[in-house]
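Keep the 3D view open and click along as you read.

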Amino acid sequence: MEYNLDEIIDRKGTNSLKWEFMDHLSSRARETTLPSWVADMDFACPPAVIDALHRRVDRKIFGYSSHDTDRYWEAVTGWFSRRFNWKVRRQDLVIAPGVVPAIATLVKQLTGPGEGVIIQNPVYYPFARVISGAGRSVVNNPLVEEGGYYSMNFDHLEKLAREKSNTMMILCSPHNPVGRVWTREELIRVGKICLENGVILVSDEIHFDLIRENHRHLVLADLFPGEDRIITCTAPSKTFNMAGMQCAHIVLPREDYRRAWMGERGHEMLNPLSIAAVEAAYTECDGWVDGINRYLDGNMAYIDRYVKERLPLARHRISEGTYLAWLDLRGYGLSPKELGDRMIEKGDVLFDMGEMFGPEGEGFLRINAACPRPLLEECMARMEKALS
Ligand SMILES: Cc1ncc(COP(=O)(O)O)c(C=O)c1O
């Protein structure tokens with residue numbers, strides 16, 4: 001391994017949400033609580049990103065800056081092209097401070113009051129929040145779970161898509177928290193169902209770089225050439241551990257969508273440090289991401305072994321993508337509240353509990369496996385203690 005991903009970096013005193021603001025999730029978290037909740041990594045950013053930031057800091061002035069340069073957009077589109085063979089026109093790209101604010105804007109602009117937006121629980125909970133926040137209806141097409149493997153309920157989706165009041169779907173691809181990397185067949189089916197029924201598709205692909213060894217991520221929009229009603233949300237934040245840089249890239253291939261976007265968000269600009277970080281990440285860090293993926297493969301295998309050897313009532317299936325593991329603890333017969341209480345009080349470890357992702361997640365919890373192995377070992381030991 002080129003980089004020492006086993007290194008434990010002290011994040012306290014850096015304003016880390018994950019380590020210092022656990023009270024955002026639980027008022028019972030303590031100084032000693034081990035955080036495995038919010039999805040950021042405990043790995044250092046790639047050395048090339050850190051060097052680029054140092055160089056930019058040395059230029060001493062941090063005034064208004066624009067990312068609208070050939071260098072910037074070539075870095076972004078070059079990444080898409082190299083990693084996914086996905087060719088994106090610069091004119092189709094806009095930036096946002098994050099994927100969640102971008103989705104909030106899209107829901108508000110491209111759907112009408114009271115219209116339905118389809119999501120698939122259990123799923124990343126801010127989707128439901130931004131839909132209701134905009135005064136739209138959350139329309140659920142729950143995923144179907146069989147032996148720990150999740151798939152989409154296409155028949156039900158078709159029924160929902162046919163209802164005229166449902167005008168948008170947010171696809172999570174790869175899917176947080178269940179870790180599915182959707183296959184070509186699944187993506188084509190979901191795309192066809194939505195597009196044939198006039199449902200705009202927002203595909204949140206923020207986790208697209210973090211994929212297990214034997215899987216491959218396909219960009220939904222790339223499977224529908226010439227189709228302009230698929231919007232793709234991407235960001236370097238999960239991939240390079242720079243969520244705090246607050247930068248997302250949204251591909252809006254349709255002109256009237258872009259006009260509406262510009263009308264509301266205007267010509268947003270990135271800050272100078274984000275610009276430097278993104279350019280370095282997307283031009284110099286392919287090898288680093290490959291290394292992270294190999295390390296995550298190892299962490300996921302570790303979790304799987306641990307569960308099989310030491311948590312006989314738990315069920316786990318290695319996720320196909322993301323750095324999140326989805327653990328089924330229904331076998332312990334505890335209520336969601338009891339499970340959450342045990343983790344925080346007896347185990348002194350903080351997870352996003354399954355019910356946060358919708359009632360379909362009750363009895364599950366989500367592990368953030370993007371950490372040095374010794375931290376993951378500690379996390380699993382604390383979970384075992386909580387369940388003992
Ligand atoms: C599926 C998904 N979308 C979006 C986000 C967050 O996006 P941002 O921080 O860019 O708003 C996350 C973070 O965990 C996520 O898992």
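Predicted model: local features only at pLDDT ≥ 70, side-chain atom pairs only at ≥ 80, totals over all residues.

Start with Pro-174, which you'll find in the loop between strand 7 (166-172) and helix 7 (184-196).

Now go to Pro-122, in the loop between strand 3 (116-119) and helix 5 (126-133). Here too the bond is cis: from Asn-121 to Pro-122, omega is near -5 degrees.

Next stop is Thr-322, in the loop between strand 11 (315-316) and strand 12 (324-328). As a rule, most residues other than glycine have a negative phi.

## Around the ligand

On to the ligand, which takes up the space of the largest pocket. Its neighbours are Ala-39, Gly-98, Val-99, Val-100, Pro-101, Tyr-124, Cys-172, Asn-176, Asp-204, Ile-206, His-207 and Lys-238. Sort that shell by type and you get seven nonpolar residues, three polar and two charged. Which helix gives the most to the shell? That would be helix 4 (residues 99-110), with three residues.

A backbone N or O atom of Val-99 sits 2.7 Å from a ligand oxygen, and for a backbone N or O atom of Val-100 the distance to a ligand oxygen is 3.0 Å. How much of the ligand does the protein bury? On its own the ligand exposes 400 Å², and 87% of that is buried by the protein.

## Salt bridges

Finally, the charged pairs: the structure holds 36 salt bridges. One of them pairs Arg-90 with Asp-68, with 3.4 Å between the closest N and O atoms.

Where do these two partners sit? Arg-90 is in the loop between helix 3 (70-84) and strand 2 (93-96), while Asp-68 is in the loop between helix 2 (47-57) and helix 3. The two residues are 22 residues apart, and the pair links distant parts of the chain.

Notes: Residues numbered from 1 in each chain as written. Heavy atoms only, no water. Near = heavy atom within 4 Å. Polar contact = N/O pair within 3.5 Å; in protein donor to acceptor, adjacent residues only side chain to side chain. Areas by Shrake-Rupley, 256 points an atom, 1.4 Å probe, with all protein chains shown as cover. 1 Å grid on protein atoms, 1.4 Å probe; cavity = no way out; pocket = protein on both sides within 12 Å on 5 of 7 lines; lining within 4 Å. Sits in = over half its atoms within 2 Å of the grid points. Helix = DSSP H or I, 4+ residues; strand = E, 2+ residues; numbered from the N terminus. Nonpolar A, V, L, I, M, F, W, Y, C, P; charged D, E, K, R; others polar. Salt bridge = Lys/Arg side-chain N within 4 Å of Asp/Glu carboxyl O.
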